[in-house]
Amino acid sequence: MPENHPASVANLYRYPVKGLTPEQLSEVTLSVGQPLPGDRRYAIENGPSGFDPAAPQYFPKTKFLMLMRNERLAGLRTHYDDASHVLTIRENGEETARGHLDSAEGRTAIEQFFAANFADDLRGPPKILFADGHSFSDIARKVVSIINLASVAALEGEIGQSVHPLRFRGNLHVAGWPAWHEFELMDQVLSIGGARLKIVKRIVRCAATNVDPDTAARDLTIPATLQKTYGHADLGVYAEVIGGGVVAAGDTIEVEAPTFL
């Protein structure tokens, strides 16, 4: 069994709309078999996808506006309010769109913004998608994504310049693990605050990580650098919630001893 390195939750993030601004959280309540509450709750359909909100299914991210192909999204600053369901979009410090995503009129206001400002990126009319209980994750499983900050720092050393952890759009940032330790924890269980999470999959990085989240510039070649340096394009892991509870920034992360039947 790998050594149980002391570690803690450095940051918590959710992404209310796929491809748009992350929102930092102080704490979150995780539920068994569910992603972070409100994470990827909405997506912006890039032309007709066939998504049925009455019977939601996983669709690949290429069906939506997303950073892998639409890096200009990183130039927007968005905020979603849970209580009012209002999404606000700002550019260069100025509010450019606002809409209640629980109303047809509000969704139309947001869709019109993307139709007018992202015309070159669109394959058809943009549409705000939502289905109760559905998350527009990059994989079909309902997961929480975990980024080891030491792995990001190791990659920085290989590249020779700063790499913002938000390039990887993770939910939990971990401080205190050695670089790449997360890959040694596959199928093991983490105890974090009041919750328990089982690591189930390494995250294969795509070209979205090449986009600077502050400037929207496509200025790095992270998947290619990972592949050349380490022989894989992975950074971060997915975990499934197997025990619900509150997780807060600063919580200690412990790796549970494996049980054998």
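First, my terms: on a 1 Å grid over the protein atoms alone, a cavity is a set of points where a 1.4 Å probe fits but cannot get out, a pocket is an open set with protein on both sides within 12 Å along at least five of seven lines, and lining residues have an atom within 4 Å of a point. I'm working from a predicted model, where local features need pLDDT of at least 70 and side-chain atom pairs count only at pLDDT 80 or more, while totals for chains, interfaces and linings use all residues. Residues are numbered from 1 along each chain as its sequence is written, and side-chain values use heavy atoms, with hydrogens and water left out.

Entry one, the cavity. I found 1 cavity of 30 Å³ or more. Its lining is made up of L67, A74, L166, R167, R169, A208, V211, D212 and P213. I sorted these into 6 nonpolar, no polar and 3 charged (Ala, Val, Leu, Ile, Met, Phe, Trp, Tyr, Cys and Pro are nonpolar, Asp, Glu, Lys and Arg charged, and the others, Gly among them, polar).

The lining of the largest pocket splits into 12 nonpolar, 6 polar and 10 charged.

Entry three, the second largest pocket. I counted 14 lining residues here, and L36, P37, G38, G133 and H134 lie nearest the centre. The lining of the second largest pocket comes to 5 nonpolar, 6 polar and 3 charged.

Key
Points joined across faces, edges and corners; volume = space filled by probe spheres on them.
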